[in-house]
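Q: I am new to this structure and would like a close look at one part. Please take me through the aromatic rings.

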Amino acid sequence: MHLYLEGRNMARNLHEIPKFQDRWSHLYLEMGKLDRTAGSLTFSDKSGKMPIPIDQLSLVMLGPGSSVTHAAFKALAGNNCMICWTGQDGTRLYAHGTGGTHSSHRLLQQARLYVDEKQRLAVARRMYQKRFPEIIPEDTSLETLRGKEGYRVRAAYEENAKTWGIRWDGRNYDQDKWDYADPVNRSLSAASACLYGICHAAILSAGYSPAIGFIHTGKMLSFVYDIADLYRTDLVIPVAFQTAQRTIEVERRARTLCREKIRELKLMQKILPDIAEVLDASDDLTERSGELEGRAVSMADRTDQRRISG
């Protein structure tokens, strides 16, 4: 593969790693140490050492009792893998690393769409339109769309409860009293955390802001929630009710099934094109020479690029 440099009719051979859509979805680790040894990663816990391929991951979730060395963190960051520090079973996000792009042009476009009320509403309408097979009339209000979406999600809960024979009393749990929540609510939270993490990694990988949402607003992960909602009824809800049939290790089983479902839905190939579609930027799916998204580039290459472009 080649990376074409701006302003010159030349190409430079680079070591390429898989782009976001070609990678595994996520890996959750706890009670151990993540380190780099001989060009690969290893996770050590009481059961021994587990090798982890650096270039295949999109998201590493570090749970309680886990630690990471500087060398491992550097390797993951250099390979455009997002790192999150989470609560037990990945149900809370405490901190995260940065994405792999060096360009801010997508973030600036996202901000321009947000500050223009007409365009912000248009983005929100496109987000809702992706969830319904029928064409939504242009004069449909945002409040009506929210009501329509609420009905769709409630119907998905009820349908899956009936399919899997699970009693459903509504979304109800307390983070401070986690063990008191019923299995399906715990499974919903675990599966949602996986989906949020993947969407968050995709958003940062492409250079968007996770905070600038169009339906959700006012939160640092508003855009993450916007994008995750595109897939909730196809991924999170079916996974949660299926795993809630058994009450033992429901969170772990939810994460495992979530990973399988992500692969089945080919979600990693959809997220960035879907983001571009709802932002009306479908012509901006290719990498630019200054972005280096998903690439490991030597310092010599970076220096040469600065000299050519400047």
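How many aromatic pairs does a search of the whole structure find?

A: This is a predicted model. A search of the whole structure finds seven aromatic pairs. One of them joins Tyr157 and Trp168. Their ring centres lie 4.6 Å apart, with 25° between the planes. That angle is under 30 degrees, so the pair counts as stacked. Tyr157 belongs to helix H4, residues 142–164. Trp168 sits in the loop between H4 and H5, eleven residues away from Tyr157. The pair thus links distant parts of the chain.

Tyr157 also pairs with Phe241. Here the centres are 6.3 Å apart and the planes meet at 55°, so this pair is tilted. Phe241 lies in helix H7, residues 236–243, and Tyr157 in helix H4, so the pair ties together parts 84 residues apart in sequence. Is Tyr157 buried or exposed? Tyr157 has a relative accessibility of 12%, so it counts as buried; the cut-off is under 20%. Phe241 is buried too.

Other rings gather in a group. Tyr114, Tyr208, Phe214 and Phe223 form one aromatic cluster. Tyr114 has a charged neighbour as well: Arg120 lies over the face of Tyr114, at 5.1 Å from the ring centre. Phe132 has a charge over its ring, too. There the charged end of Lys148 sits 4.9 Å from the ring centre.

Notes
Residues are numbered from 1 along each chain as its sequence is written. This is a predicted model: local features need pLDDT of at least 70, side-chain atom pairs count only at pLDDT 80 or more; totals for chains, interfaces and linings use all residues. Side-chain values use heavy atoms; hydrogens and water are left out. Rings of Phe, Tyr and Trp (its six-membered ring) pair if their centres lie within 6.5 Å; planes under 30 degrees apart count as stacked, over 60 as edge-to-face and the rest as tilted. Helices (H or I, at least four residues) and strands (E, at least two) are DSSP runs, numbered from the N terminus. Buried means under 20% relative accessible area, exposed over 50%, partly exposed in between (1.4 Å probe, protein chains only). A charge sits over a ring if NZ of Lys or CZ of Arg is within 6 Å of the ring centre and within 35 degrees of the ring normal.
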